[in-house]
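Here's a quick briefing for anyone meeting this structure for the first time. Have a look at the model, then read on.

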Amino acid sequence: MTALSFGTTVLDAARTRFRLWAPALHEVDLEVDGQPALAMTACGDGWFETEAACGPGARYRYRLPNGLAVPDPASRAQADDVHGPSLVVDPNRYAWRSTGWRGRPWRDCVLYELHAGLFGGFDGVKAALPRLAALGITAVELMPVSDFSGTRNWGYDGVLPFAPDRAYGSPDQLKALIDAAHELQMMMFLDVVYNHFGPDGNYLTSYAPQFFRDDLRTPWGPAIDFRRPQVRRFFAENALHWVQEYRFDGLRLDAVHAISEPDWLDEMAAEVRSSVEPGRHVHLVLEHDGNEASHLRRDFTAQWNDDAHHALHVLLTGERDGYYRDYIDATRHLARCLKEGFAYQGDPSVHRDRQPRGTPSADLPPTKFVVFLQNHDQIGNRAFGDRLASLVDREALEAAVALQLLAPSIPLIFMGEETFEERPFLFFTDFHGELATAVREGRRDEFRHFAGFASAELSDPNARETFDRCRLPGVGDDGFYRTLLTLRHRMLAPKLDGARALDSQAIGPGAVFARWRLGDGSVLTIAANLATEACDFTGPGAAPLYESRAGALSQSTLQARSTVAFLTPPS
């Protein structure tokens, strides 16, 4: 396990080392509950260090010369919330049961994104694992769990990146969740945020303003300064922390287009790869709004494919607002995604004032792309958090699901999709005072220009009932998804290594077909018609592997709102 440069190191049961990077200060005191304050030693280059006679469970803070007491930015756990004391944690205390686990290959991956709080915390997620395993889920992806202000948040407002939020459970409860998943042969992924800190509880500017740039801003404020080696190290060690200390099988890096120094991504990924045990599978997944494909040719496993989502969403809903304006030719865009990965590979974007978006991706295999019909952003960033099941025809949605789950790209399912849940997933926080007002009014301003929007109807993100409305009801019928995932695992996943696209094209308005040669030489053919009219399509002459509805393909006619798949053996 890599020793951290930041935060605490437990030396023995009664002694701990503390390190803080505070380049704006000349002195810092360590305050451990029940002990006199200790002046930390300045070690040069902005570092302060000391040792104290305390062990795991001790509560501590750093006292700045202006009298402000702050938590450890590398706190492994908080005693209360983000404004209070940090806790000394022994990272080696938890006794792992699944010591032989080495993960699973990427070809096996079916991701299930969920919010731990809506499942009742880490223990609640653990209780749901057997059901998800039976469904065919092989990887659970937690939305960010790093400590945030309050008890309710999507997680993207975290301010203490090394500390699991105590609203979900303790570090050991998170480890127990991961352990239980591994015992069920399931991988665990974590969504991590390296592009900004949340607006409440971030004290870095009080002692390390060098963490941020004064010449570059992001949608969340001043950009994090990845030009500085200490900043690069802080976030690299965070990635190692989750992969080594918690044994997560993968990380999803949020909105990396907002990281100003992209070379850090490849540097970090290379270090993660070199640090894991031989034979262990660890997967690194990007979200990048700019469709930058270069990282996928290095140490990153895959990238979220927003283009595929947007094209499918337009075909299903007919929506044209916002960035969906770029997908008016959605059938052609979807066909390109199925063959080449991204639809935008340097093409001009109307939504971005005709600026080019994306880089070439046609040389990459389909498994380099994660495809989803819904995720936290695409539901929760709608004004009313509506899910597709409440917006579109069920047969058309089933046809799209069949295309998603049987194509050789890696599928991601958002919690509740498997039962065609209609309950909304809304944006929620737990802020107070002026910040709560700013968040509430900001949401109203964001959607005020959309047709049919009335600000009085928008849920208050800070209200407890907004969070409660997002809770899933009891288990529903997941048979449709279960059938498709069983077929994927039995017939397709073992053959995905080496898969390559052969062809893809539009066969009618809202209808596409695609062919891929799989790793064993067999050919997978899928035709999907999401439109309301039938179209012409001639299959490969074999019996279908799957039809989303009975008689989907009849006499060279692909019925409306249907998908058909074929798997032909190597020639």
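V140 is buried, with a relative accessible area of 0%; buried means under 20% relative accessible area, exposed over 50% and partly exposed in between, using a 1.4 Å probe and protein chains only. Bear in mind that this is a predicted model, where local features need pLDDT of at least 70, side-chain atom pairs count only at pLDDT 80 or more, and totals for chains, interfaces and linings use all residues. Residues are numbered from 1 along each chain as its sequence is written, and side-chain values use heavy atoms, with hydrogens and water left out.

**Around V140**
- V140 sits in strand β11, residues 139–142; strands (E, at least two residues) and helices (H or I, at least four) are DSSP runs numbered from the N terminus.
- Leaving aside residues up to four places away in sequence, V140 touches Y112, L114, L129, L132, M186, M187, M188 and F189, where contact means heavy atoms within 4.5 Å.
- L111 is 29 residues away along the chain, yet its C-alpha atom is 5.8 Å from that of V140.

**The nonpolar cores**
- In the largest nonpolar core, which has 158 residues, L142 and F211 touch the most other members; such a core is a set of buried Ala, Val, Leu, Ile, Met, Phe, Trp, Tyr and Cys residues joined through side-chain atoms within 4.5 Å.
- Helix α9 (residues 394–406) gives this core its largest share, 9 residues.
- Another core lies apart from it, with 14 residues, among them W101, V285, A302 and V370.
- F211 has contacts with W21, F197, L204, A223, I224, D225, V231, F234 and F235, again not counting residues up to four places away in sequence.
- In soluble globular proteins, nonpolar side chains tend to be buried together.

**The whole chain**
- You'll find 12 helices and 31 strands in the chain.
- Of the 571 residues, 59% are buried.
- The C-alpha trace spans about 85 × 55 × 45 Å along its principal axes.
- Among contacts with a separation of 6 or more, 69% join residues 24 or more positions apart.
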